[in-house]
Amino acid sequence: IYATLFDNDLPHPHTFGGINMKWPIIGNIQRSSGMIFIRRAFSDNPVYKAVLQRYIDYLVSRRFPLLWSIEGGRSRTGKLVPPRYGLLHWLLNAAERYDKTKPLYIVPLSVVFEQVVDVDAVAHEHLGGVKKPEDLAWFYKYLQSFKNPLGKIHIRFGDPVQARVDAGQPRDPLAVEKLAFETCVELNRSTPITKASLVCMSLLAAHPQALTRSELIGSLDKLLNYLSQTGAEATFPLSTGGEELLNSAVPSLQASGTVFVFEAGIEPVYSVNEEKALDAAYYRNNAIHFLFTGAIADVALARLYLDDAGDEPLVELEEEILSLRKLLQWDFFFPEKEEFLASVYSDLDIRGADWREHVAEGKNGLRELFTHLSPVLGHGALEPYLEAYRIVAEQLLQSGSGEQFDHKTFIKDCLNTGRQLHLQRQVVSRESIAKAMFDTGLKVAKSRGLLDISLAPAELASRRQQHAEEMRTLNRRVRALRSLASARRAGVIT
């Protein structure tokens, strides 16, 4: 990052980092070059808090550029996670105390790696493992790992987001949250798709079924054509053919063990290594912000087809889309309702000709629509999240309605429940069985009052049962989309 800024005659920023990275000698070098080491938590230390606030005031008043990870590190999942408001809140406070006539801008900066060194360690943590301390020994091993080629690092700047600081006016209570949301939306837009992300998307969408070389190339061609029409950003030309993409991306994924290639049969087949599903999910998630809009449309259409549409199918479709938007609000950044609906309809215009007419015809029209809707995105992009929500819902049914909620124990129980359901093939994706996924599943449950033990036990049990049934139904719809995609590959549906 610093080299890119220097090469473009931009000033070297002051960077906020965790104090755990302040190692002997190296830490001193970093601090001399603008690194500001801060504690992870200091709410119980008013003196430390006051000194840090004054230092931030000083930096803002002199308009020094500042750099930090607003989300606490996209690298933990591959997908942009909810922002943290602390530093942003303090920056606005500092801006309000000094010259309010000069605008304050947040410039989204995306850093995307074609392959990541510690993706195995991330997967280990998601499966319940303990995070290894980032000490000097860890840093030495980290440097040693760069002996193997890992591809390029891609840096993209998004459009600046202006912080609204009005002189003499009280701050909007939601100003920090709105600024963080706008920043994250722009950060997603500027985060480009990599070749590895599309290969992993295609293979995970078919997993546990392997894809032949021709099937994988066909899947990649469909994705490339779709993404080029949506105007998505990528680290390579989206006019690249599927075969060229496969030849350039698979060798490194195969070398890392993420992708398995079996070549002793009639035709080479490709699949995600079962033990590396979370690694593949990391790379897939680099592109998921360009795919989830179409995926929501697919799941909503599946509801109308499987449950039969009523007299006003287009109205029902819109209601289902908005219902899914509300359900998935903890995992994705959505624009305002009208803008989101317009983006869904635009997506359907690209993937399915005359989709409105087909939906209006009811079941027969929807059957016709699904025969040529391409690509089918619902299962590949959303299944892991909906499966994780279901695992949380199933575990809540097993929890006593009057018991005090213990987060750590509950997550451990979810890991075990998820493994059981996976062995029973009721859960398809191993990436669904991860602590980070369960955390958002719990946010969904909390938003529906399913953790409120002050409710009457019978009422709480009824709510949890209803929630579990809804999650099971959603998962059945997504599995139907998976079956549809499989049948189309087999030539059963043309």
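This is a predicted model: local features need pLDDT of at least 70, side-chain atom pairs count only at pLDDT 80 or more; totals for chains, interfaces and linings use all residues.
User: Start with the whole chain. How many helices and strands are there?

Analyst: The chain has 20 helices and 10 strands. Of its 494 residues, 48% count as buried.

User: What share of the contacts with a separation of 6 or more comes from residues 24 or more positions apart?

Analyst: The share is 73%.

User: Now a single residue. Is E394 buried or exposed?

Analyst: Read the relative accessibility against the cut-off: buried means under 20%. E394 has 12%, so E394 counts as buried. E394 is found in helix α17, residues 378–398.

User: Which residues is E394 in contact with, leaving aside its neighbours within four places in sequence?

Analyst: Those are L421 and R472.

User: Next, strands. How do the side chains alternate along β9?

Analyst: Check which face each side chain points to, then check burial. In β9, residues 259–262, V259 and V261 point to one face and are buried.

User: In which sense do β9 and β10 pair?

Analyst: The sense is antiparallel, over four bridges, with β10 covering residues 269–272. F260 has S271 in β10 as its bridge partner. The two strands, β9 and β10, form a hairpin with six residues between them.

User: Move to a helix. Which residues of α16 are buried?

Analyst: In α16, residues 363–372, the buried residues are G365, L366, L369 and F370. They span an arc of only 135 degrees around the axis, so they lie on the same side of α16.

User: What do the buried residues of α16 pack against?

Analyst: They pack against three helices: α12 (292–307), α15 (355–360) and α20 (457–489).

User: How many aromatic pairs does the structure hold?

Analyst: There are 13. To read one, take the distance between ring centres and the angle between planes. Planes under 30 degrees apart count as stacked, over 60 as edge-to-face, and the rest as tilted. The ring centres of Y58 and F64 are 6.1 Å apart, with the planes at 45 degrees, so this pair is tilted.

User: How exposed are Y58 and F64?

Analyst: Y58 is partly exposed, with a relative accessible area of 38%. F64 is also partly exposed, at 33% relative accessibility.

User: What about F181 and F333?

Analyst: F181 and F333 form a tilted pair, 6.1 Å centre to centre, with 50 degrees between the planes. F181 lies in helix α7 (residues 175–190), and F333 lies in the loop between α13 (313–327) and α14 (337–351). The pair therefore ties together parts that are 152 residues apart in sequence. F181 is partly exposed, at 31% relative accessible area. F333 counts as buried, at 16% relative accessibility.

User: Which residues form one aromatic cluster?

Analyst: The cluster consists of F292, F332, F334, F340 and Y385. F332 also has a charge to note: K79 lies over its face, at 5.4 Å from the ring centre.

User: Over which ring does the charged end of K363 sit?

Analyst: That ring belongs to Y305. The charged end of K363 is 4.2 Å from the centre of the Y305 ring.

How values were computed: Residues are numbered from 1 along each chain as its sequence is written. Side-chain values use heavy atoms; hydrogens and water are left out. Buried means under 20% relative accessible area, exposed over 50%, partly exposed in between (1.4 Å probe, protein chains only). Contact means heavy atoms within 4.5 Å. Rings of Phe, Tyr and Trp (its six-membered ring) pair if their centres lie within 6.5 Å; planes under 30 degrees apart count as stacked, over 60 as edge-to-face and the rest as tilted. A charge sits over a ring if NZ of Lys or CZ of Arg is within 6 Å of the ring centre and within 35 degrees of the ring normal. Two strands pair if DSSP finds at least two bridges between them. The arc is that of the directions from the helix axis to the C-beta atoms.
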